[in-house]
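My entries follow the structure.

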Amino acid sequence: MSMNWASATEQVVIASTGGAYDRALKAAWFDPFTKETGIQVVTVVATNAEMRAKASAMVKAGNVTWDLYLDGEIQAASEAHRQVTEDLSAFCQQFANRKDLSPNACAPGGALLQSTATLLAYRTGKPGGPVPETWADMWDTKRFPGGRAFPNFDDPWRVMAAALLADGVAKDKLFPLDVDRALAKLDQIRPAITLWWKTGDQSVQGFRNEEYSLGQIWLTRAKAMQTEGLPIAWSSKASFLVGDRISLIKGAPHHENALKLIAFWLNSPKAQAQACEVLSCTPPSIEAIALMSDQARKTMPSADDIRNSIVVPDADWINANAAMLLERWNNWIR
């Protein structure tokens, strides 16, 4: 690809969580974007907690070096998020009449990258053996021996919610979370937890190194491992619907390029289909879903799954109680 030096300096900086996730986005989204526009996409790898802290610090200091970062759907609706990111309402108007895009594809807090699940994944054993399907199974160390993995970052609701479901709380009675009951249930499984992961990549490395047999991880990472040929499967009966948004930082140095990169994603069902084919995510465009293989469509969360088994978290309650949840979590995890 020949480019003159003037255009070679054009860039956009995006923070993401690294590993298989980044590789899928690079192949499907960043590289085609660079080919079409000549704008280089520079990626920075950080954990979700680090991204939020760094974005906030950069905006406060008035010294912003990143343009975009990927943040969870729930955080992207929070007040704290609004203080460090640009309101995309005006930018989003161009997508308002797009019949193929989901209604929440472009929102003030960011554009929808994809929807996916945090769920129970497990190492597959001999065919015909018992298979863990629910969070109660995750707690059943006799029937399903082996180490357990859970996330440990600034967003503990999903671990507490799994504990409550394992303790018999009904899916529709989950929120508001009973934190005391959740932590008491977590006390029971604590000795079996062999990995507390902070990044999606750590959850992958831990599985690869046989550090755990059952874990609460992201579907995007579980699917990437399955594609790689690792002996992994998962249960959508034990899952929470989550998603990622592409957020623009206030004072982004390459503001226009950043908006072009977001628009390229929403305007390219082909890019969405290619990324979600690898990651088992649900893309924002139904045209993209139509371009995916039957096999990939089977593994991504379906409308029936969402209706019948997948838990849709109460984002308003989680955001309103984020500080309390984190304080209780940090006291427990210590």
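Entry 1: I began with Phe-153, which is buried at 11% relative accessibility (buried means under 20% relative accessible area, exposed over 50%, partly exposed in between, with a 1.4 Å probe and protein chains only). I looked up Trp-218 next, and at 12% it counts as buried. The model is predicted, so local features need pLDDT of at least 70 and side-chain atom pairs count only at pLDDT 80 or more, while totals for chains, interfaces and linings use all residues. Residues are numbered from 1 along each chain as its sequence is written, and side-chain values use heavy atoms, without hydrogens and water.

I found 16 aromatic pairs in the structure. Rings of Phe, Tyr and Trp (its six-membered ring) pair if their centres lie within 6.5 Å; planes under 30 degrees apart are stacked, over 60 edge-to-face, and the rest tilted. Phe-153 and Trp-218 make a tilted pair, with 6.1 Å between centres and 50° between planes.

**Entry 2: a cluster and two charges.** I noted one aromatic cluster formed by Trp-139, Phe-150, Trp-196, Trp-329 and Trp-332. Arg-190 lies over the face of Trp-332, 4.1 Å from the ring centre. I also found the charged end of Arg-123 over the ring of Phe-207, 4.1 Å from its centre. A charge sits over a ring if NZ of Lys or CZ of Arg is within 6 Å of the ring centre and within 35 degrees of the ring normal.

**Entry 3: confidence.** I checked pLDDT (the predictor's confidence in each residue, from 0 to 100): the protein averages 94, and 98% of the residues score at least 70.
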